[in-house]
Amino acid sequence: MINIALPKGRLGDKVYDLMETLGYECPEMREDSRKLIFENEERGVKYFLVKPSDVAIYVEYGAADIGVVGKDVLLESDASVYELLDLGFGKCNMAVAAKTDFREDVTRPLRVATKFPNIARSYYESKNREIEIIKLYGSIELAPIVGLSDVIVDIVETGKTLRENGLEVRETIVPISARLIANKSSFMFKEDEILRIKDRMREVVGI
Amino acid sequence: MSFDKIRSEEELYSVLASLASPEDVKAFLTDLCTYNEIEYMAQRVESARLLMQGATYQKVISEVNVSTATLSRVSKAIKHGSGGYRKIFSEYLKKNGAAVVGETEEDIIYSLRSLYESCGYSAFKMRKFEEYSLYMENRNFLSSDNILTFRDNRGRLLALKPDVTLSIIKNTKATAERSEKYYYHESVYRYERRSGEYREINQMGLESIGASDVYSTAEVIRLALESLRTVSPEYTLCLSHMALVGGLLEYAGADTFDKKRELFSSIKRKNEHDFELSAEKYGISGEKRRLLLSIFDMRGSFDECISGAERLVVDEGTKKAYEEMLTIGKAADAAGFRDKIRLDFSVANDIDYYNGVVFRGFISGVPRSVLSGGRYDGLVSKFAPGIGAIGFAVYLDDLAYFRRPSEYDVDVLLLYREDSDPAEVLRRADEIRKGGESVRVERGIPEGLTYRRLENVDATGTDDAR
């Protein structure tokens, strides 16, 4: 039996499609329901649908043996898990964005609004820049417009939302994509099955 | 002549004790018992063995054709019996090389202590705090920079100890020929990233200080394997060698400390894709890059991996490390641990202090590693030049995940009335305890307490469990 944590939403749907082609189907998943847990005993697989930012926690604590999660979540949580494969989809960038006419005042700390305080902190530490973190939970783009912050650190996919709000990317911190992760202890006792999934995924996504 | 129960029972015990060989026992029992009686006894013995080796009820029932009622009696006898199973039978099993699993944390601590003492390790006791400077000067050896500090009455800065090893080695008198061997059972205080709080962590471990040879490594690895076996039959010890991986990285062109550390951090996460990006960044290409990436292809048994690892030998240093791993594998193999060790390069500790074999132990069902250790000649030589040291720690708190909670808080809840005779209540409680059951004496039923059966002192008969 292998337990898999999937993020709710588009990324999770895509990964489930992939798992189906590998023979880990669970027809219930296709039904429109509010269930959070799906099992196919015959195939020896159980899926949990969780909030994307919680996937790494489910895997780190061993509730799930493996999971798929964005690199952004992994970097932010610094979870102690094995990162087995870059799935190559869900691609975007972690970036610093500001108003198009923003000019940085280097004599005072930079105010940074973000959902990713750890990523922002370690990025600016590596540049020796003093910052003040303003932790937000959504609509990050609003912060510089209304004067809450100087810049934002956020995920940028196409840049459309930024443009529509008069913002632009100033610096790219790190490229992001979906990763296959595994619990360290599960890996030791289910190595064959986990690596089979990894190898098949690698073939299918063509890396 | 009337039948004297006690005398004839004693005759039975002494004739059993006089039986010297399994053949004699078989002959005697065949005459003494019916075929069915022998079969039942054999089933109980097997059930007891499986339970003591950590099997679940379901597993015992599926392997031995035994009823739930019998199994629950066997389990009770293991827990509260007269020691027939828990002491005599488990010592017999250990003597014959079988694993016996600790039932409670105390059992595990007790077994580990006897294991370490049986190999000549002596107990090391220490204070809860140390001078902060000890940790400050050896920060990289610790898993975190966050240390709880306070000032004593003379203004010295002290710290609640986040680590035991430093306290043991700081005043060592060991030399390469005269080792010091210690084990400890202590609390350490560490910052936990996830909760953002400090935690008291209960750990047990050992240090072998002085010798830096392969024998001392093999001995400590054997003790690590036996420690894991004390906890569960499903365990594995992952081994790596810092000099093998480190030497390979240097050979491939990771010439600075930072480059090595970055590449190591990807290896630790089994993260091949980011490793490739780093290799690209540092201009490692061609044959050297392919060689490095083959680290990620190691999978399967120790034997398969170690033969695959031969191609990682690129110079004298890696050759020595490789041969050390071979010897250690052979030593583990000879003692029947072949299936329990793996070669896994994701095991890595600080590259400054750890220079030899490093290892981590896992138990099926526990999400984190429960044992971690390695050779840290680089650290100990700061305190006493020219000597080596190796050790490991067992994280007792994480083992709590693995233990089966017992079904009931207590076997018997014994109720008395205001006018009950205390002597009579105690007499009845003694009787129950002598029968191998636990008993709690109360006036009423305590909130939330679960029990196997209920008994009133002044009434006859018992009620059902709740």
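**View 1. Ser77(A) sits in helix 3 (residues 71-77) of chain A.** This is a predicted model, in which local features need pLDDT of at least 70, side-chain atom pairs count only at pLDDT 80 or more, and totals for chains, interfaces and linings use all residues. Residues are numbered from 1 along each chain as its sequence is written, chains are lettered from A in the order in which they are written, and side-chain values use heavy atoms, leaving out hydrogens and water. Helices (H or I, at least four residues) and strands (E, at least two) are DSSP runs, numbered from the N terminus. With a relative accessible area of 14%, Ser77(A) is buried (under 20%, 1.4 Å probe, protein chains only). Leaving aside residues up to four places away in sequence, Ser77(A) touches Ala56(A), Arg193(B) and Arg194(B) (heavy atoms within 4.5 Å).

**View 2. Helix 10 (residues 214-231) and helix 16 (residues 316-334) of chain B pack at about 45 degrees, their axes 10 Å apart.** Axes are lines fitted to C-alpha atoms, for helices over the stretch in contact, and angles run from 0 to 180 degrees between N-to-C directions.

**View 3. Strand 7 (residues 235-241) and strand 9 (residues 357-363) of chain B pair in the antiparallel sense over seven bridges.** Pairing takes at least two DSSP bridges. Here Tyr235(B) stands opposite Ile363(B) of strand 9.

Definitions and conventions: Buried < 20%, exposed > 50% of the residue type's maximum accessible area, 1.4 Å probe, protein only.
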